[in-house]
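Please open the structure in a viewer and follow the stops below in order. Each stop names what to select and then describes what is found there.

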Amino acid sequence: MEKVTVLGSTGSIGVSTLDVLNRHPERFEIYALAANRSVDIIFDQILACSPRYAVLRDEQQAEVLAERLRETDSSTQVLAGEAELCRVAAEADTVMAAIVGAAGLLPTMAAVEAGAKVLLANKESLVMAGALFMSAVERSGAQLLPIDSEHNAIFQCLPENHRQGLAAQGVKRILLTGSGGPFRQTPLSELVGVTPDQACAHPNWSMGRKISVDSATMMNKGLELIEACWLFHCQPEQIEVVVHPQSVIHSMVEYVDGSVLAQMGQPDMRTPIAHALSWPSRMVSGVASLDLILQARLDFEAPDVERFPCLRLAREAAEAGGIASATLNAANEIAVEAFLGGKLSFTDIPVVLEQVMARLDNREPLALADVQDADARARVAASALLAKL
């Protein structure tokens, strides 16, 4: 049986992962569950799944969890802190890397360096440290499988040896689809007054609040563009973003002969999760069949970069290389947190990002410490800007 650690088990990807795993108890052992501080959710998950370990990054909340488990007959051992997150990631055969944001970098890297099968939902690992991360994959022999629905779709549409170069495999371009979020048709004059609840009301997907805001600004698509460059060994100009409101086609690959391969399905993350868990075979995910007759239509349009300046900024960061993407990601995390806390307007999110990018120098990172330094400096710069807005 495969030992599986789920990093970020209490988030939407983690919950979907456990749903798929629990459909195949003969194949997978849930070795460890890990989260930040969500005691209530992980407590219920422990009782349902009986992992060997449960890890919370927040040490105080880990003590609360351990106390609650002592009142049950659970044999799960509670651990705390980032070092333990890295430990349970390194000890598993398969790791679902679904911690949101920069916090997921070190545990995900620990899984890669241990040579695990890594199911990558934490796009920030590649956004922040793409060159270092992919070098570690090559050194360790880790198996890296994308979980974002778009990257998983691209993976399914590309030839198996795509890492030898897209042009050599006859690939012309990647078409990265996105729904356009809840404000695709909202008048620009109304965006300044957008509330956090409105931004988090995604029309197709059920996601956490941070990722929902990123979808509303299309920063999520920008980060996915950067991630795709590293995953598929391509340049930013080889990727075209296409707005597809129905989220039925999850992405496409165009070949030089004019063929366009698309991966389609319900907007349900259990599909890419099941695909990656069982790859190179297939297994039941629990997702309903796609009814094309009921779907009736599929629409496509170009993204509006005036409406979504974050998408432009992400492409510029991808083209710049170095630590530019790490800087952008850190500034975005600070800006989105401020927006969700009612301290920043929706339309000022890209303003903060652009100013931070302009103020901080870019350079090539030689080690993870350089990436972490860039992340910290960008957070300081973004926080300073917030005080002035």
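Begin by selecting Arg-70, which is exposed, with a relative accessible area of 59% (exposed means over 50%, buried under 20% and partly exposed in between, with a 1.4 Å probe and protein chains only). The model is a predicted one, in which local features need pLDDT of at least 70 and side-chain atom pairs count only at pLDDT 80 or more, while totals for chains, interfaces and linings use all residues. Residues are numbered from 1 along each chain as its sequence is written, and side-chain values use heavy atoms, leaving out hydrogens and water.

Helices here are DSSP runs of H or I with at least four residues, and strands are runs of E with at least two, numbered from the N terminus. Glu-67 is partly exposed, at 41% relative accessible area.

Next, select Glu-333 and Arg-379, whose side chains form a salt bridge (2.8 Å, N to O). Glu-333 lies in helix H14 (residues 324-340) and Arg-379 in helix H16 (residues 368-386), so this pair ties together parts that are 46 residues apart in sequence. Is Glu-333 buried or exposed? Glu-333 counts as buried, at 15% relative accessibility, whereas Arg-379 counts as partly exposed, at 22%.

Now select helix H1 (residues 12-21) and helix H11 (residues 270-278). They pack at an angle of about 55°, with their axes 9 Å apart; axes are lines fitted to C-alpha atoms, for helices over the stretch in contact, and angles run from 0 to 180 degrees between N-to-C directions. H1 and H11 are therefore oblique to each other (angles under 35 degrees count as roughly parallel, over 145 as roughly antiparallel, 65 to 115 as roughly perpendicular and the rest as oblique).

Which residues meet where H1 and H11 pack? Ile-13, Ser-16, Thr-17, Asp-19, Val-20 and Leu-21 in H1 are in contact with Arg-270, Ile-273, Ala-274 and Leu-277 in H11, contact meaning heavy atoms within 4.5 Å.

Note on methods: Salt bridge = Lys/Arg side-chain N within 4 Å of Asp/Glu carboxyl O.
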